[in-house]
Amino acid sequence: MGKKKSVKKGKKPHKNKPTSKKYSKYKIEGEKITRQAFCPRCGPGVFLMKSQGRSYCGKCHYSEFESKK
Ligand SMILES: [Zn+2]
């Protein structure tokens, strides 16, 4: 008596992605922006723009090199 059992396994592919890596990366970049250095001359509130390893203040034209540790 070869009764074949055909068990249907309802395997549904889970497409639940917990956290998008792109999102986490974006979050870090956003944090970096908020951690930007302030201008020592103008004080907090005036950010230094970073370009080519240098920080530059667009208000008082103060510029400093980023010290690499
Ligand atoms: Zn400044």
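Student: Which residue is the bridge partner of Arg 54 in E5?

Tutor: Bridges tie residues of two strands together, and two strands count as paired once there are at least two bridges between them. In this predicted model, Arg 54 has Phe 65 of E5 as its bridge partner.

Student: How many bridges join E4 and E5, and in which sense do they pair?

Tutor: Strand E4, residues 54-56, pairs with E5 over three bridges, in the antiparallel sense.

Student: What is the order of the strands in the sheet?

Tutor: E3-E4-E5, in an open sheet of three strands with antiparallel pairing. Its edges are strand E3 (49-51) and strand E5 (63-65), each of which pairs on one side only. On average, neighbouring strands of this sheet are turned by 25° against each other, with direction ignored.

Student: Where does that sheet sit in the overall pattern, and how many helices and strands are there?

Tutor: The protein has one helix and five strands. Following the sequence, you read α-β-β-β-β-β.

Student: What share of the contacts links residues 24 or more positions apart?

Tutor: Among contacts with a separation of 6 or more, such pairs account for 0%.

Notes:
Residues are numbered from 1 along each chain as its sequence is written. This is a predicted model: local features need pLDDT of at least 70, side-chain atom pairs count only at pLDDT 80 or more; totals for chains, interfaces and linings use all residues. Side-chain values use heavy atoms; hydrogens and water are left out. Helices (H or I, at least four residues) and strands (E, at least two) are DSSP runs, numbered from the N terminus. Contact means heavy atoms within 4.5 Å. Axes are lines fitted to C-alpha atoms, for helices over the stretch in contact, and angles run from 0 to 180 degrees between N-to-C directions.
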